[in-house]
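Let's take a friendly walk through a protein model, one piece at a time. Have the sequence and the 3D view open as you read.

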Amino acid sequence: KDRTDMIATMSHELRTPLNGISGMVELLQMTELSEEQKQCLTTVRDAIAAMMVVINDLLDFFKLEAQKIKLESLPVAVTEVAQSVMNLYRQQFKSGVKGLVEGEPGLSFQGDPTRIRQVLSNLVSNSAKFTPSGSICIKVSAVDGSRG
């Protein structure tokens, strides 16, 4: 219990300044900027998003350990989630590596959108680190009876 409370407090203490930085980045993006400045802000925004993923993964690990994680059951547009994840990590790809998502647009499944995004993020992030050339591809398809 003490460790769980400490992790929850740390999470809050980390998220609060990150959300503040994120808000300032959004405000800056609404001003007139050079292309270089826009690219810098995009990099900062992506770094904040990556840090939030790490914090969320850490929290989820402790929730799993304490058996307190609850899965949602919602319609998930999986192809769109996969494309969003691929776009998020595209800047981490080594030169010449392409990111592809193959799947029917609008394909929907019942599931936990947060966990699906988390799993895809971990897979694409690791692929980005260990793929020196070629492509990283997420293929989304339905199996009979699986459409939501």
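Another handy term is buried, meaning under 20% relative accessible area; exposed is over 50%, and partly exposed is in between (1.4 Å probe, protein chains only).

Some ground rules come next. This is a predicted model, in which local features need pLDDT of at least 70 and side-chain atom pairs count only at pLDDT 80 or more, while totals for chains, interfaces and linings use all residues. Residues are numbered from 1 along each chain as its sequence is written, and side-chain values use heavy atoms, with hydrogens and water left out.

**The overall layout**

The protein chain has four helices and four strands; these are DSSP runs numbered from the N terminus, with helices (H or I) of at least four residues and strands (E) of at least two. Going along the sequence, the pattern reads α-α-β-α-β-β-α-β. The C-alpha atoms fill a box of roughly 50 × 45 × 30 Å, taken along the principal axes. Of the 148 residues, 28% count as buried.

Here are two of the helices, with the expected span being 1.5 Å times one less than the number of residues:

| Helix | Residues | Length | First to last C-alpha | Expected span |
|---|---|---|---|---|
| H1 | 2-29 | 28 residues | 41 Å | 40 Å |
| H4 | 113-130 | 18 residues | 26 Å | 26 Å |

The buried residues of H1 are Ile7, Ser11, Leu18, Ser22 and Val25, and they pack against H2.

H4 has its own buried residues, including Arg115, Leu120 and Val124. What covers the buried residues of H4 includes helix H2 (35-65), helix H3 (78-89) and strand E4 (135-140). Arg117 also sits in H4, but this one is partly exposed, with a relative accessible area of 35%. Beyond its neighbours within four places in sequence, Arg117 is in contact (heavy atoms within 4.5 Å) with Val81, Ser84 and Val85.

Now look at Asp112, in the loop between strand E3 (108-111) and H4. Setting aside neighbours within four places in sequence, Asp112 is in contact with Lys70, Leu71, Glu72 and Val76.

**The nonpolar cores**

In soluble globular proteins, nonpolar side chains tend to be buried together. A nonpolar core here is a set of buried Ala, Val, Leu, Ile, Met, Phe, Trp, Tyr and Cys residues joined through side-chain atoms within 4.5 Å. The largest one has 17 residues, of which Phe93, Val124, Ile138 and Val140 touch the most other members. H3, H4 and E4 each supply at least two residues of this core, and H3 gives the most, with six residues. Apart from this core lies another, of 10 residues, among them Leu41, Met52, Ile55 and Leu59.
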